[in-house]
Amino acid sequence: MDILVKPAVLPRLTSGQVERRLGTCPRLPSLACINNVLRELLDAEQCFTSQVADVIRRDPSMTTRLLRLVNSVYYGLSTPVSSIEEAVFYLGVRQIRRLAMVTPIIEDLEKLAGRTKFPWREFWRHCIATGIMTRETLGDVQPGSDEVDYVAGLLHDVGKIVMVAAFPEYFEQLQAGLQDEKADLLALEVETLGIDHCELGALYLSAHKLPAVAIQSVRFHHHPSGAGAEARIVAAVQVADLFVRYARIGHSGNPAPVSAETWMAAEGWDQLFPDAGEERLIARANMERSLERLSTILEGLV
Ligand SMILES: [Fe+2]
Ligand SMILES: [Fe+2]
């Protein structure tokens, strides 16, 4: 008679245990195809700051490591650097080359550990698309802001990358629990690991001195009204995140489907357009109109 052995359930961690392990978190891994493009570019005889920034802009892990480095090298700047292009300019090609050389590759980590495959390329598309749509949504509200909004959107789910880098066995267990479409991701993360991807990502970014707007976007992207001074940008991130999931672009790692109604009922709309009038309708129509262009842009990026 065959005896089925159920895999042992990992013990949920205390906040102290989470913080200790976060302190030894390995470098955030990047996607192979993006790292290859970046290395080729950096090896070329001539490369321009804007070209390097364009590649890094496609990678939430690399963006996090870049901003971490620039803000630790230039610690004490009155405003921390939150623009990718500015960070590349400050650090210079040689430092960026060093950063790219020690980049772990997410697909290799999975292969080495013999883990179930997670669709990382699709996840990267989710992050980039959220960054682009955050910009577009906010462009309707506050034209002319710098790259901060894109970065806030790009990094919003960085907690999931932190989870796979620092707590791989928990990430694996979580994926098994998410087979059920009705599973509530945030509740399951807390039940499994003791902390959700929002808080985990925010703890990581604040330990690495990233700008407040990035930290708040990561911490509050599911509940933007808690984001205080940054609530407007974080509201745009929430609206963009739900829109990208509703439009089924990429894969967010959350299997729960998002309907048009869920997207339209997002609390972020109230922060963006408090009087629920025509402006809100125009913004939604603009987002729907961007869909086709967004898919084409993503095709060329990842
Ligand atoms: Fe999320
Ligand atoms: Fe997301």
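Is tyrosine 246 buried, exposed or partly exposed, and what is its relative accessibility? Tyrosine 246 comes out as partly exposed, at 25% relative accessibility; here buried means under 20% relative accessible area, exposed means over 50%, and partly exposed covers what is in between (1.4 Å probe, protein chains only). The model is predicted, so local features need pLDDT of at least 70 and side-chain atom pairs count only at pLDDT 80 or more, while totals for chains, interfaces and linings use all residues. Residues are numbered from 1 along each chain as its sequence is written, chains are lettered from A and ligands numbered from 1 in the order in which they are written, and side-chain values use heavy atoms, with hydrogens and water left out.

Tyrosine 246 has an aromatic partner in tryptophan 263: the two rings are stacked, 5.5 Å centre to centre with 15° between the planes. Rings of Phe, Tyr and Trp (its six-membered ring) are taken to pair if their centres lie within 6.5 Å, and planes under 30 degrees apart count as stacked, over 60 as edge-to-face and the rest as tilted. The pair links distant parts of the chain, with tyrosine 246 in helix α14 (residues 231–246) and tryptophan 263 in helix α15 (residues 260–264), 17 residues apart. Helices here are DSSP runs (H or I, at least four residues), numbered from the N terminus. Tryptophan 263, at 1% relative accessibility, counts as buried.

Helix α14 itself has 16 residues and reaches 22 Å from its first C-alpha to its last, close to the 22 Å expected at 1.5 Å a residue; that expected span is 1.5 Å times one less than the number of residues. The helix is mostly covered, 14 of its 16 residues being buried. After α14 comes arginine 248, with a positive phi near 55°.

Across the whole structure, the search turns up 14 aromatic pairs. In one of them, phenylalanine 118 and phenylalanine 171 have ring centres 5.4 Å apart and planes at 70°, so this pair is edge-to-face. Again distant parts of the chain are linked: phenylalanine 118 is in the loop between α6 (106–113) and α7, and phenylalanine 171 is in helix α10 (residues 168–177), 53 residues apart. Phenylalanine 118 is buried, with a relative accessible area of 8%, and phenylalanine 171 counts as buried at 5%. Ring pairs link Phe118, Trp120, Phe123, Trp124 and Phe171 into a cluster. Elsewhere, the charged end of arginine 284 sits over the ring of tryptophan 269, 4.7 Å from its centre (the cut-offs being NZ of Lys or CZ of Arg within 6 Å of the ring centre and within 35 degrees of the ring normal).

Turning to charged pairs, 12 salt bridges are found in the whole structure, each defined as a side-chain nitrogen of Lys or Arg within 4 Å of a carboxyl oxygen of Asp or Glu. Arginine 57 takes part in a salt bridge with aspartate 54, where the closest N and O atoms are 2.6 Å apart, and in another with glutamate 147, at 2.3 Å from N to O.

Arginine 125 is buried at 12% relative accessible area, and glutamate 122 is partly exposed at 33%. Salt bridges that share partners join Asp54, Arg57, Glu85 and Glu147 into one network.

Finally, the metal site. The protein donors of the iron ion (ligand 1) are Asp157 (OD), His197 (NE2), His221 (NE2) and His222 (NE2), lying 2.2 to 2.4 Å from the ion. Donors are N, O and S atoms within 2.8 Å of the metal (3.2 Å for Na, K and Ca), and as water is not among the atoms, sites may look incomplete. The 4 donor atoms subtend angles of 82 to 172°, which makes the arrangement irregular: four donors count as tetrahedral if all angles lie between 85 and 135 degrees, four count as square planar and six as octahedral if opposite donors are over 155 degrees apart and all others between 65 and 115, and anything else is irregular. Aspartate 157 also bridges the iron ion (ligand 1) and the iron ion (ligand 2), which lie 4.0 Å apart. Histidine 197 is buried, with a relative accessible area of 0%, and histidine 221 is buried at 1%.

Definitions and conventions: Helices (H or I, at least four residues) and strands (E, at least two) are DSSP runs, numbered from the N terminus.
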